[in-house]
Amino acid sequence: AEEGKLVGSVEIEDKIRPEAKNALLELKKTGISEIAVLTGDTESRARAALQGLPVDEFCAELLPAEKPARAEKLKEKGRLLYVGDGINDTPVMTVSDVSVAMGGLGSDAAIEASDFVLASDNLSALPKAIRGAKKTRKIVIENIVFSIAVKAALMALSLAGILPLWIAVFGDTGVMLLAVLNSMRMRAKIR
């Protein structure tokens with residue numbers, strides 16, 4: 001302003017990351033049923049920015065104190081995974097079931113409040129991390145079930161006198177080695 005009259009203005013806006021659309025589509029493939037955006041931007045700006053993205057709903061013009069309340073409403077539909085990078089996202093991260101911060105761009109408060117940090121700031125890493133976690137869980141369950149079943153069988157056969165104790169001990173060690181070998185499947189590249 002100059003002498004009380006408007007001379008010009010500067011407008012600052014966030015740009016959607018180039019990998020956002022593909023990352024959101026991949027999240028849907030991993031089983032994320034609904035994608036929502038919570039933003040403090042105006043509704044028109046949010047609508048324009050999100051155009052063409054697979055977003056199921058968005059809430060705009062939210063003050064920082066309103067975001068956690070809106071997140072609680074989203075949690076009524078199921079578990080909440082929240083991704084953010086700013087200090088205004090920190091309260092939502094504390095109420096979400098799982099929170100993810102952007103490592104390079106994220107504020108220190110968001111990084112501290114999050115459960116996971118995307119060090120590369122690449123949203124495409126999020127679906128990959130989810131697929132990796134699901135694969136890990138599957139392998140862990142396989143190892144637990146297999147180990148308990150074989151150990152129970154070895155113990156029963158040993159107590160019944162069918163197997164000598166040294167074979168049961170050897171079998172127990174073998175089960176542990178098989179579980180370790182099964183876990184090595186995690187070394188395969190996750191796409």
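Good morning. I shall begin with the residues of helix α6 that are buried: Leu126, Pro127, Ile130, Gly132, Ile139, Asn143, Ser147, Leu154 and Ser158. Please keep in mind throughout that this is a predicted model.

Let me turn to the helix itself. Helix α6 covers residues 125-159, which is 35 residues. Just after α6 comes Gly161, whose phi is positive, at about 85°.

Next, the helix neighbours. Two packed helices are described by the angle between their axes and the distance between the axes.

How do α6 and α7 run relative to each other, roughly parallel or roughly antiparallel? Their axes come within 10 Å and cross at roughly 175°. Angles over 145 degrees count as roughly antiparallel, and α6 and α7 are therefore roughly antiparallel to each other. On the α6 side, the contact is made by Ile139, Glu142, Asn143, Phe146, Ser147, Val150, Lys151, Leu154 and Ser158. On the α7 side, the residues include Leu165, Ala168, Val175 and Leu178, as well as Gly171 and Asp172. Sorted by class, this contact has nine nonpolar, six polar and three charged residues.

The axes of α1 and α6 come within 8 Å, with a crossing angle of roughly 20°. Angles under 35 degrees count as roughly parallel, so α1 is roughly parallel to α6. The crossing of α1 past α6 is left-handed. Here α1 contributes Ala23, Glu26 and Leu27, while α6 contributes Leu126, Pro127, Ile130 and Arg131. Which classes do these residues belong to? Five are nonpolar, two are charged and none is polar.

Lys67 belongs to helix α3, which covers residues 66-75. Is Lys67 buried or exposed? Its relative accessible area is 7%; buried means under 20%, so Lys67 is buried. Leaving aside residues up to four places away in sequence, Lys67 touches Leu38, Thr39, Gly40, Leu62, Tyr82, Asn88, Asp89 and Val92.

Thank you for your attention.

How values were computed: Residues are numbered from 1 along each chain as its sequence is written. This is a predicted model: local features need pLDDT of at least 70, side-chain atom pairs count only at pLDDT 80 or more; totals for chains, interfaces and linings use all residues. Side-chain values use heavy atoms; hydrogens and water are left out. Helices (H or I, at least four residues) and strands (E, at least two) are DSSP runs, numbered from the N terminus. The expected span of a helix is 1.5 Å times one less than its number of residues. Buried means under 20% relative accessible area, exposed over 50%, partly exposed in between (1.4 Å probe, protein chains only). Contact means heavy atoms within 4.5 Å. Axes are lines fitted to C-alpha atoms, for helices over the stretch in contact, and angles run from 0 to 180 degrees between N-to-C directions. Angles under 35 degrees count as roughly parallel, over 145 as roughly antiparallel, 65 to 115 as roughly perpendicular and the rest as oblique. Ala, Val, Leu, Ile, Met, Phe, Trp, Tyr, Cys and Pro count as nonpolar, Asp, Glu, Lys and Arg as charged, and the others, Gly among them, as polar. A crossing is left-handed if the near helix is turned anticlockwise from the far one by less than a right angle, and right-handed if clockwise.
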